[in-house]
Amino acid sequence: MKNTKSAIEHLAQAITEKKEWAPMAMKNHLTRPEVLEVPFLGMQCESMKEALASAFDWENTPEGLDYWMKAYRQLEVEEDMKNLVGYDKRKDGTDFYN
């Protein structure tokens, strides 16, 4: 099982990593009334991409759907690059070829 974090933790990490969209995503997430409900605060996500996808309704934001689709696609590319870089590693981090 992957390591999970709350959507808020992933968005906070995105802010720390200075992702352009992150402050707006956090604001949109925190303005949802259901975010204040305890079960919602515990919503766990396996990735920043999953957190962004589920944090708020993209269409009902000042930035709009196209903006959030672009941010999501950037996260997909980053995830693909991380996976590509580690393609020749075993789960324990050792090389297949040694």
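This report describes how helix H1 packs against helices H2 and H4 in a predicted model.

## Basis of the description

The model is predicted, with local features requiring pLDDT of at least 70, side-chain atom pairs counting only at pLDDT 80 or more, and totals for chains, interfaces and linings using all residues. Residues are numbered from 1 along each chain as its sequence is written, and side-chain values use heavy atoms, leaving out hydrogens and water.

## H1 and H2

Helix H1 spans residues 7-16 and helix H2 residues 22-30; helices are DSSP runs of H or I with at least four residues, numbered from the N terminus. Their axes come within 8 Å and cross at roughly 155°, the axes being lines fitted to C-alpha atoms over the stretch in contact, with angles from 0 to 180 degrees between N-to-C directions. H1 and H2 are therefore roughly antiparallel (over 145 degrees).

H1 contributes Ala 7, Ile 8, Leu 11, Ala 12, Ala 14 and Ile 15 to the contact, and H2 contributes Ala 22, Pro 23, Ala 25, Met 26, His 29 and Leu 30 (contact means heavy atoms within 4.5 Å). Of these residues, 11 are nonpolar, one is polar and none is charged (nonpolar: Ala, Val, Leu, Ile, Met, Phe, Trp, Tyr, Cys and Pro; charged: Asp, Glu, Lys and Arg; polar: the others, Gly among them).

## H1 and H4

The axes of H1 and helix H4, residues 48-55, come within 9 Å and cross at roughly 115°. H1 and H4 are therefore roughly perpendicular (65 to 115 degrees).

On H1, the contact involves Ala 7, His 10, Leu 11, Gln 13 and Ala 14; on H4, Met 48, Ala 51 and Ala 55 take part. This contact comprises six nonpolar, two polar and no charged residues.

Technical notes:
Helices (H or I, at least four residues) and strands (E, at least two) are DSSP runs, numbered from the N terminus. Angles under 35 degrees count as roughly parallel, over 145 as roughly antiparallel, 65 to 115 as roughly perpendicular and the rest as oblique.
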